[in-house]
Amino acid sequence: MKHFNLLKFTPLPILLLGGLLAGCSSKDESATPADPETQARIEAMKAEVQEYYQTKVSLPPELFEDLEAGRVTQEEVDKRIAAGEFPKFFNFKTPADLPDGLNWKDGSDLPEIGSPKAVKGGTSYSSIQDFPRTLRTIGPDANGSFRTYLLDYNALQIARQHPNSTELGEDGPLFFAELAEEWAVDKENQTVYVKLDPSARWSDGKAVTADDFLFMFFFMQSSYIKAPWYNNFYNRSYRGITKYDDQTFSIQVSIAKPDFATYALGLSPRPEHFYGELGDDFPERYQWRFEPTTGAYVIEEGDVRKGESIVFTRQKDWWAQDKRNIRYRYNYDKRRLQVVRDVEKAFEMFKKGELDAASLSLPKYWYDKLPDDDKLVEGGYIKKAVFYNQRPRPPYGMWINTAKPLLNDRNIRIGIQHASNWELVIDKYFRGDYERLNHTAVGYGEFTNPDIKARPFSIEKALESFAKAGFDKRGSDGILENSKGEKLSFSLTTGYQTFQEPLTIIKEEAAKAGLDLRLQVLDSTAGYKRAIEKQHDIHFMAWGYGAEMYPRYWETFHSLNAYNPDGSIKVQTNNLNSMAVPELDAMIEKYRNSSDTGEMIKLAHQMEQLIHDEAVFVPAFYIPFYRAGYWSWREYPEDFNVMTSDSPSEFSLSWMDPKKKREILDALKKGKTFEKSVKVYDQYKSAD
């Protein structure tokens, strides 16, 4: 899950660094001889990796969970490993060992995405509100929204789920090939067989091989990366990987989910040759190194500038440029991201033609800053579009940290729910365009609990709940106090600077119920860090969820992601509520292990009900669309975008003609106009 922000198509953290950032080249650095110390480190890592391949065993998911929860000891597990009880995780066979009768697929029968009208060329100009903390896509500070440029929207997977289909085939969701030439699914054994496209290359020119997928598991299971969520996921979700030759391998998935093939086909490899210096200093050593990518765009040397801009360049003769479902995408030669910290300034830059596009999802931008009768819209220079998508909705809301004083009292949390007037914000500030979010898992079809409704704003009910917690009299400032003289006061933090106005409304309305919310609007990096380090009282944000079949609960609500074995707060996890409820833990574990869709739906409804009952999350709103303004030199397909897209840029379908840009800017100076374009794309509109 990535951190999500409505106000930018892709936001990111901020960090000011001195000088130009070195080590960002996409060139092959392995040709440069390493110093003796580094070479020794590389050789030691090679040996460590090979030993890991020989000794790593596959633990059953339930045993792995028992080990994490402390129900069994590492010593007990080690004895069972030594006795040979568990199969090896890494296996090596030959093509002759491949099973007979596999049904190989490549997804070429699916409709192609993108427009044949798309042309390559030009530079897109966009803004980012903050400078990223790192170029890593894993480890500390790497889960911010800048990661989308490096990984989510760029790196290729074995195969990608078709974004215009919710249909389930005999093997689950429908996929088209990216890194794979073809694949086959063995449902009975929960195994996916893969033949890589022999032309697949890393951006430094080296071939993508099965070894990079073996190394991916070593990397993701390693403590070096300082990423416990990934450690858990890559240990628990997979039973092993088998290499047959350089281009052929199979992956065994641990849990028989209805979409288990997604766990394999959605994987991206890691370049083994790049991580020869992996070790305990990984976060610092690789902080500003650009990892070779299988995707279209790279960061070239000199294109990362301190606090100013980052430029991505499309590779010449990119290996995948002619592949079906890829050939009409990734069209710009360069993508320049300029740091503009002030959102209003960025919008003015857009209206001047210095930036190509802007999000208009906030009503004040759609109706006031760029109304339909604005001369730039009337003259056809800037186009406006509304696109209704279908995907899990980012849960915008107030995440309450139950580890903080007073917030461990359910009565206070229920009072906060009733004191939060999101109905007013939606009706007045958002002008009724947004919908009230009812809980954390909206947009998952049958998995979404339709019976839960967000608690309404009610001063009477808020006061009643606060009184149960002992806060039953108002001070001279109108804020409730208890018998100890403690005020009912909490910090309300966010990293979304453009939400200051609606959160100010929330603060003012809460005061009517005797609740003091000390609003702190931080930059996105500081805000996210405050939450992920569990330093917040109440934090307003949303997670950006992928287009998955069912919601996840372990990451956000299991106690293993709340507290360490010694009882201290566990940081760098998604459990922002510090929630630790044994009953919920048991349901989460049963849900994770279940292969029965009906049982999973029932459990999802029960878990969401329990989360609602605990009142740890104040649901705010969701947006069933996104709105964009863009200069008319930018083009989109006739249907604008794909069904599951979360922004105009997610699938890289737009393009431009540099000559047309010059013509439009010249026409603007001369007063020549074009056809006005304000369009609504509602072909995927749903009721959620």
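At 31% relative accessibility, K369 counts as partly exposed, a class that lies between buried (under 20% relative accessible area) and exposed (over 50%), computed with a 1.4 Å probe on protein chains only. The structure is a predicted model, in which local features need pLDDT of at least 70 and side-chain atom pairs count only at pLDDT 80 or more, whereas totals for chains, interfaces and linings use all residues. Residues are numbered from 1 along each chain as its sequence is written, and side-chain values use heavy atoms, with hydrogens and water left out.

The side chain of K369 meets that of E344 in a salt bridge, at 3.2 Å from N to O; the term stands for a side-chain nitrogen of Lys or Arg within 4 Å of a carboxyl oxygen of Asp or Glu. This pair links helix α10 (residues 363-369), which holds K369, with helix α9 (residues 343-351), which holds E344, across 25 residues of sequence. Helices (H or I, at least four residues) and strands (E, at least two) are DSSP runs numbered from the N terminus. E344 is itself partly exposed, at 26%.

K364 forms a salt bridge with E501, the closest N and O atoms being 3.1 Å apart. Because K364 lies in helix α10 and E501 in helix α15 (residues 500-512), the pair ties together parts that are 137 residues apart in sequence. K364 is buried, with a relative accessible area of 16%, while E501 is partly exposed, at 42%.

## Other salt bridges

The search of the whole structure finds 45 salt bridges. One of them joins the side chains of K323 and D197 at 3.2 Å, N to O, and it links the loop between β14 (309-314) and β15 (334-339) with the loop between β9 (191-196) and α5 (210-221), the two residues being 126 apart. K323 is buried, at 16% relative accessible area, and D197 is buried as well, at 12%. R41, E277, D281, R285 and R289 are linked in a salt-bridge network.

## Domain 1 against domain 2

An automatic or database domain assignment divides the chain into domain 1 (36-303), domain 2 (340-389 + 627-681) and domain 3 (396-622). Between domain 1 and domain 2, about 1900 Å² is buried, 58% of it on carbon and sulfur atoms; buried area is the accessible area (1.4 Å probe) that two parts lose on being put together, summed over both. In domain 1, Y125, Y153 and P163 lose the most area to domain 2, together 31% of what that side buries.

Across this interface the rule finds one salt bridge.
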